[in-house]
Amino acid sequence: MATNPRRPERRQEPLSRERIISAAVELLDTVGEGGLTFRALAKHLATGPGAIYWHVTGRTELLGAAIDSVVATTIAAVDDADAAPQEAIRALALGVFDAMDAHPWVGTQLTHAPSHSPMLRVFERIGRQIQTLRVPEAAQFTAASALMSYILGVAGQNAANTRALRPDTDRTEFLDSVATAWKELDPDEYAFTRNVAGQLREHDDREEFLAGIDLILAGITALQRPAG
């Protein structure tokens, strides 16, 4: 009598801190901060909550590690070895913008992050480019802080806007409705807003973001020390 061959046992990937953090990022992307619980994470990983606690002490540490993972991946993807300082800053800024667009929860969590925020990695990279631009030492902190504030503010607001809209929202139709509403504002109280309504209708978020970076860089470049 023939016997059925024994089915090989399914081998599962060993649970590690890196695997836990990766799974946390996936959950945050799909269900948001409110859905990230150790119970949900354990189910996602097909393990028990106790096994996760062996690697991560709590939800606060888990969120911080998830943000750090996204930021570290973003920085690693920016190849600026041979780039001029301005281009290196633009590439890094756009990388952060795109990362926060892909992971909208990052911007929200950064506002609650401790002083040793994962974004210090970005601040350090920007600061080194500021030094390469020969900005006077007394102005370096201000220059780097201005860029960081702009990046976090605009990228965070863009991510917040995305989260506020329904997933099936048509961007063109939405901007057209807002621009139309601007055009209907009181002409005396909102003269400027009415005037730029058409630009709102046609603007590209990433291009506008980079245009703002260029404006700040133009001011920073004017602070460069004279050669020699």
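The structure is a predicted model, in which local features need pLDDT of at least 70 and side-chain atom pairs count only at pLDDT 80 or more, whereas totals for chains, interfaces and linings use all residues. Residues are numbered from 1 along each chain as its sequence is written, and side-chain values use heavy atoms, with hydrogens and water left out.

The mean pLDDT (the predictor's confidence in each residue, from 0 to 100) of the protein is 86, and 90% of its residues reach 70 or more.

Helices α4 (residues 59-77) and α5 (residues 85-102) pack with their axes 9 Å apart and at an angle of about 140 degrees, where axes are lines fitted to C-alpha atoms, for helices over the stretch in contact, and angles run from 0 to 180 degrees between N-to-C directions. This angle makes α4 oblique to α5, given that angles under 35 degrees count as roughly parallel, over 145 as roughly antiparallel, 65 to 115 as roughly perpendicular and the rest as oblique. On the α4 side Val70, Thr74 and Ile75 take part, and they meet Leu92, Gly95, Val96 and Ala99 of α5.

Leucine 27, placed in helix α1, is buried (under 20% relative accessible area, with exposed over 50%, partly exposed in between, 1.4 Å probe, protein chains only), because its relative accessible area is 10%. Apart from neighbours within four places in sequence, leucine 27 is in contact with Gly32, Leu36, Ala40, Leu41 and His44; the C-alpha atoms of leucine 27 and histidine 44, 17 residues apart along the chain, are separated by 8.2 Å. Glutamate 33, in the loop between α1 (17-31) and α2 (38-45), is likewise buried, at 11%, and touches Leu28, Arg59, Trp105, Thr108, Gln109 and Arg163, residues up to four places away in sequence not being counted.

Alanine 46, in the loop between α2 and α3 (49-53), has a positive phi near 55 degrees although it is not a glycine, and counts as exposed at 57% relative accessibility.

Methods. Helices (H or I, at least four residues) and strands (E, at least two) are DSSP runs, numbered from the N terminus. Contact means heavy atoms within 4.5 Å.
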